[in-house]
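Here are some notes to read alongside the structure. Please keep the view open and find each residue as it comes up.

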Amino acid sequence: MSRIGKAPIQLPANVSVEVSKGNLVTVKGANSTLTQQVHPDIKVNVEDGLITLVRPTEQPRHRAMHGLYRSILNNLVIGVSEGYTINLEMVGVGYRAEAKGQLLDLSLGYSHNIVLELPKEVSVESKTEKGKAPLVTLKSADKQLVGQVAAKIRSLRKPEPYKGKGVRFQGEVIRKKAGKSAGK
């Protein structure tokens, strides 16, 4: 029994939801507008500031879709009302990040700088303070998109387990290994 799928989604005051033909759900808020195609078997009801989802049967695939689409629609509502923010730290000597509009220029210890062009839905800021690792802040209303962009940036130089250098999420704990000199 899907407990997540049964929970109704509370709509904030400044968010409106519209369900059109073909189960296309459009969520409009102060920040942006997001859409999501919902499987035709799952019924989406919008009443009295609540979104509820109903599944037709107890089949495992319907139960799985029930919870999945409820979580996706909840993420859309949160995204258009508050938005999502991900912070990345560049830990390492000489690692730098500079944001120029939708371009992110990264210096991660390679022989060349890496320049990434970010989607227009994602805004980026970079901050460098003396004595601290450079910080890149990604903001967007789309949780999936901002997470994908953050994962792409992190994949350019994953944190290594011996010194902990690399690109990591802020607050991420890296389990360090002792190295070969620890056994002596």
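1. The model is predicted, not an experimental structure. Residue numbers count from 1 along the chain as its sequence is written.

2. Strand S2 covers residues 16-20 and is joined to S3 by 5 bridges, the two running antiparallel. In this pair, serine 20 stands opposite leucine 24 of S3. S2 and S3 make a hairpin with 3 residues between them. Glycine 22 sits in that turn and has a positive phi of about 80°.

3. S3 also pairs with strand S4, residues 33-37, again in the antiparallel sense and over 5 bridges. Here valine 27 faces leucine 34 in S4. The link from S3 to S4 is a hairpin of 4 residues.

4. What is in contact with threonine 26, leaving aside its neighbours within four places in sequence? The residue belongs to strand S3, residues 24-28. Its contacts are Ser16, Val17, Glu18, Thr33, Leu34 and Thr35. Of these, Ser16, Val17 and Glu18 fall within the residue range of S2, while Thr33, Leu34 and Thr35 fall within that of S4. Threonine 26 has a relative accessibility of 15%, so it counts as buried, the limit being under 20%.

5. Threonine 26 and glutamate 98 are 72 residues apart along the chain, and their C-alpha atoms are separated by 35 Å.

6. Another sheet to look at is an open one, built from 3 strands in the order S8-S9-S10 with antiparallel pairing. Its edge strands are S8 (96-100) and S10 (114-117), each of which pairs on one side only. On average, neighbouring strands in this sheet are turned by 20° against each other, direction ignored. S8 and S9, the latter made of residues 103-107, pair over 5 bridges in the antiparallel sense. Lysine 100 is placed opposite leucine 103 in S9.

7. One of the bridges links arginine 55 to glutamate 58, with 3.1 Å between the closest N and O atoms. Are these two partners buried or exposed? Arginine 55 is buried, at 11% relative accessibility, whereas glutamate 58 is exposed, at 52%.

8. Glutamate 121 and lysine 120 form another salt bridge, their closest N and O atoms being 3.2 Å apart. Glutamate 121 is partly exposed, with a relative accessible area of 43%. Lysine 120 counts as exposed because its relative accessibility is 72%, and exposed means over 50%.

9. Lys127, Glu129 and Lys132 are linked in a network of salt bridges. Within it, glutamate 129 bridges to lysine 127, with the closest N and O atoms 3.8 Å apart. Both partners are partly exposed: glutamate 129 at 35% relative accessibility and lysine 127 with a relative accessible area of 47%.

10. Last, the aromatic rings. The count of aromatic pairs comes to 0. A charged side chain does sit over a ring, however: arginine 157 lies over the face of tyrosine 110, 4.2 Å from the ring centre.

How values were computed
Predicted model: local features only at pLDDT ≥ 70, side-chain atom pairs only at ≥ 80, totals over all residues. Heavy atoms only, no water. Salt bridge = Lys/Arg side-chain N within 4 Å of Asp/Glu carboxyl O. Buried < 20%, exposed > 50% of the residue type's maximum accessible area, 1.4 Å probe, protein only. Pairing = 2+ DSSP bridges. Axes fitted to C-alpha atoms, helices over the stretch in contact; angles between N-to-C directions. Phe/Tyr/Trp six-rings, centres within 6.5 Å; stacked < 30°, edge-to-face > 60°. Lys NZ or Arg CZ within 6 Å of the ring centre and 35° of its normal. Contact = heavy atoms within 4.5 Å.
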